[in-house]
Amino acid sequence: GCRNWSLSPWGMKVCFSADIHGNTDHLRRILRCATEQGCETVVLGGDLGPRGQGWGHPSEKKRIRDILPHNNDGSIAWDHADCLTHMQEGFDRQGQWFVEEMMPLLEAHRTTVYIMPGNSDWKHHFQPGGTLDKLPSVGRAYCDDECNQDSPKVMIINGEGQIFTLRSTGGGPCVPALALSLVPISSHRKKDWERKDWRWQEEQQLEPGASLDGFVSSGHEPGYVKRKRLSAKPGWDGKLPERSIETALDEALRDDGEAPGIWFVHCPPRHTVGDLTSRGERVGSVALRAAIERHTPMATFHGHIHESVDQHDGMFKEHIATMNDMGARERKPEEEAERTRVGTSTRDRCTVVSVGNDFRAEAPHVIVFDTDDPGNAVRMKCA
């Protein structure tokens with residue numbers, strides 16, 4: 001399959017961003033920036049639609065705490081019927097934004113655009129038969145050994161985890177990539193994309209404040225929102241619909257052959273430049289970091305934690321050691337020089353990249369990189 005080759009004979013210039021949250025002006029700027037930089041394809045890595053009932057504009061100052069009913073202790077009364085109504089209205093509003101605001105911009109863009117959901121995006125809109133899937137200009141990303149260029153303008157990535165062929169427009173290179181939308185269980189109440197981090201994780205090992213109770217989207221015509229309590233039972237979950245992040249990565253990477261060199265994962269790995277919140281908490285995935293160290297991709301690209309780059313004083317990428325790095329320490333200098341010359345040393349460490357995009361800021365950020373040299377990715381502010 002497409003995972004058995006890690007690089008095209010020549011590179012492809014990619015524009016990556018995430019966490020637009022329904023800010024149409026940000027999306028417009030991101031696409032314009034991709035055009036100005038000569039990018040051959042665009043990947044939007046999750047949290048694309050509005051979070052609540054609004055459309056993601058910075059002028060919308062109301063917070064969810066100001067809208068929903070409260071308990072006597074001041075906490076939000078999530079069991080109240082008004083909360084379910086709020087989530088349903090947000091679901092409808094998000095679908096409307098996808099169709100009326102996002103899609104016209106993506107269809108007008110000069111290159112193929114890959115879209116993957118994030119934990120704030122309702123699953124129904126992205127699933128087969130859902131809101132976006134029914135549109136004629138939308139297809140589904142897949143693994144294509146033949147690098148067929150006759151594909152729809154907008155390609156949906158399977159958020160449950162997949163390896164797919166990343167294509168440029170107009171007969172250029174094709175590169176295999178891994179994608180995953182899942183995030184560890186948190187205090188957020190949208191639960192379509194939240195999972196246990198690792199298979200044997202117990203409830204008391206969840207992050208402080210994390211809740212198993214929330215809301216998920218389901219159904220096809222029409223879509224609707226319902227309450228759900230996630231399972232936190234430790235154990236093997238390979239055949240369960242709510243697979244842990246560890247299992248989802250194992251399933252996507254289970255075939256023989258070298259893993260793709262490029263990964264797009266909405267959640268960042270633990271203890272990296274992408275997972276530090278404004279509260280000083282590390283909320284990245286432990287299972288993802290372990291998979292990176294084991295499968296040695298060249299670079300991984302993330303969103304999810306808007307403020308982490310600022311928390312690191314603007315640092316947006318870092319190199320982490322992989323299992324191959326152990327061998328690098330034992331090689332003679334002349335052997336290392338030869339490996340560097342032929343390019344194989346890129347698998348000795350992985351570059352973890354966070355876009356650090358905040359939909360409430362005046363201008364969005366993008367990551368621009370070449371698939372044959374993703375470690376040299378640059379972060380740009382889109383004017």
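This note walks through the predicted model point by point.

1. Ground rules. Residues are numbered from 1 along each chain as its sequence is written, and side-chain values use heavy atoms, with hydrogens and water left out. Because this is a predicted model, local features need pLDDT of at least 70 and side-chain atom pairs count only at pLDDT 80 or more, while totals for chains, interfaces and linings use all residues.

2. Overall make-up. The protein has eight helices and 17 strands. Both are DSSP runs, numbered from the N terminus: helices are H or I with at least four residues, strands are E with at least two. Of the 383 residues, 55% count as buried. Buried means under 20% relative accessible area, exposed means over 50%, and partly exposed lies in between (1.4 Å probe, protein chains only).

3. Contacts along the sequence. A contact means heavy atoms within 4.5 Å. Take the contacts in the protein with a separation of 6 or more: residues 24 or more positions apart account for 71% of them.

4. Salt bridges in general. Side chains of opposite charge can pair when their charged atoms come close. The rule used here is a side-chain nitrogen of Lys or Arg within 4 Å of a carboxyl oxygen of Asp or Glu. The count by this rule is 17 salt bridges.

5. A pair inside helix H1. Look at Arg-29 and Asp-25. They form a salt bridge, with the closest N and O atoms 3.0 Å apart. Why are they about one helical turn apart? Because they sit four residues apart in helix H1 (residues 24–36). Arg-29 is buried, at 16% relative accessibility. Asp-25 is partly exposed, at 31%.

6. A buried pair. Glu-194 and Lys-191 also join in a salt bridge, at 2.7 Å from N to O. Is Glu-194 buried or exposed? Glu-194 is buried, with 1% relative accessibility. Lys-191 is buried too, with a relative accessible area of 1%.

7. Asp-358 bridges to Arg-360, with N and O 3.1 Å apart. Asp-358 is partly exposed at 24%, and Arg-360 is partly exposed at 48%. Elsewhere, salt bridges with shared partners link Arg-199, Glu-246, Asp-250 and Arg-294 into one network.

8. How H1 meets H3. The axes of H1 and helix H3 (residues 81–108) come within 10 Å and cross at roughly 15°. Axes are lines fitted to C-alpha atoms, for helices over the stretch in contact, and angles run from 0 to 180 degrees between N-to-C directions. H1 and H3 are therefore roughly parallel. The cut-offs are under 35 degrees for roughly parallel, over 145 for roughly antiparallel, 65 to 115 for roughly perpendicular, and oblique for the rest. The crossing is right-handed: the near helix is turned clockwise from the far one by less than a right angle.

9. The residues in that contact. From H1 come Thr-24, Leu-27, Arg-28 and Leu-31; from H3 come Trp-97, Glu-101, Met-102, Leu-105 and Leu-106. They divide into six nonpolar, one polar and two charged. Here Ala, Val, Leu, Ile, Met, Phe, Trp, Tyr, Cys and Pro count as nonpolar, Asp, Glu, Lys and Arg as charged, and the others, Gly among them, as polar.

10. A loop proline. Where is Pro-152? Pro-152 lies in the loop between strand E4 (138–140) and strand E5 (154–156). Pro-152 is partly exposed, at 29%. Pro-152 and Gly-139 are 13 residues apart in sequence, yet their C-alpha atoms are 5.4 Å apart. Leaving aside neighbours within four places in sequence, Pro-152 touches Thr-112, Ser-137, Val-138 and Gly-139.
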